[in-house]
Amino acid sequence: MFENIIKRIVDCPSIIIVGHIRPDGDCYGCQVALKEAIKDAFPNKEVYIVGQGLPFLFNELLPMDDVDENIVKKSLIVIVDLHELHRTDNELVQKYGNDFVALDHHIKCCDIPYEYYIDPDASSACEIVSRLILEANWPINPKCASALYLGIVTDTARFQYLDNFANVHRLSAMLCEKGAKPKIIQRLLALSPESKLITQGYILTHYQKRDGVIYVHLTQDELKKINANVSVGSLVVNLIGNIYDYPIWCTFVDNEVGSLVVEARSNKFNVCSVMSKYGGGGHRLAAGVTIKNATSQDMENLINDLCDLIKGMY
């Protein structure tokens, strides 16, 4: 299944593992797990993880690495939890990288000019990385196991969103047997600053509704008022989810350069079809897009398209 990608990793003396902008637990978990497995299997190989990462997990897992132009040019770039180079979380990789492979579980949304493995039916990118590591027969140490568990538990919303319950729970059990620390991971995920209460309160008192879609729009002024940044959309979108008569819920967040960052979720409808129309992507029930130089009409059009999804089913 992963024979060619494994061979390319084995053959290259320098590996850079990069994820997407605004990384989540699945993205960061893939990076840490793959680095740990490769380093354990090949101690003399150079392996770097680049991007923002999740700083609150650095002490338990790994901090991110710094690379320069020369390292990027000589490395195989392993793209995880996405397949679009322009959305990777490192400008040097985008500018100087010349050798790529991708591992992803999002619906393919563009032509990919390098080798890739995509399985949209996988629960998470960490599930795919787990399969690769097992196929390669590389070691899974406790840190690697915890990182893989992190990705699975976050991208499934603590095992709520699964199609294959048995396989994912078997994989999670194996990771626990390899030394994963679910209690520590869950505790760190559950912790949040007091400011989060202000953000949540604002979301819950400023949502809007239209024809089965419930949504929140946060401007730059509102972000400053609640002391939040543009990544807040993906963190709070499910606060307004699973409400009777509103099968689609989403957040719209203005960023500092005039783009509109959209996160859409549903318990029934293919929101990815709408996000793809605007240049985004994701999963059938969870997708997003960043619309550059957005206008108020862009948001109106997108909301109307989501409403049409619902109307088309009745």
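Analyst: Strand β1 (residues 14-18) pairs with β2 in the parallel sense, over five bridges. Two strands pair if DSSP finds at least two bridges between them; strands (E, at least two residues) and helices (H or I, at least four) are DSSP runs, numbered from the N terminus. This is a predicted model, in which local features need pLDDT of at least 70 and side-chain atom pairs count only at pLDDT 80 or more, while totals for chains, interfaces and linings use all residues. Residues are numbered from 1 along each chain as its sequence is written, and side-chain values use heavy atoms, with hydrogens and water left out.

User: Which residue stands opposite isoleucine 15?

Analyst: Valine 47 in β2 does.

User: What is the strand order of the open sheet?

Analyst: The order of its five strands is β2-β1-β3-β4-β5, with parallel pairing. The edge strands, β2 (46-50) and β5 (115-118), each pair on one side only.

User: Changing topic: in which helix is aspartate 298 found?

Analyst: Aspartate 298 belongs to helix α13 (residues 296-311).

User: Is aspartate 298 buried or exposed?

Analyst: Aspartate 298 is buried, meaning under 20% relative accessible area, where exposed is over 50% and partly exposed lies in between (1.4 Å probe, protein chains only).

Technical notes. Lys, Arg positive; Asp, Glu negative; His and termini not counted. Salt bridge = Lys/Arg side-chain N within 4 Å of Asp/Glu carboxyl O.
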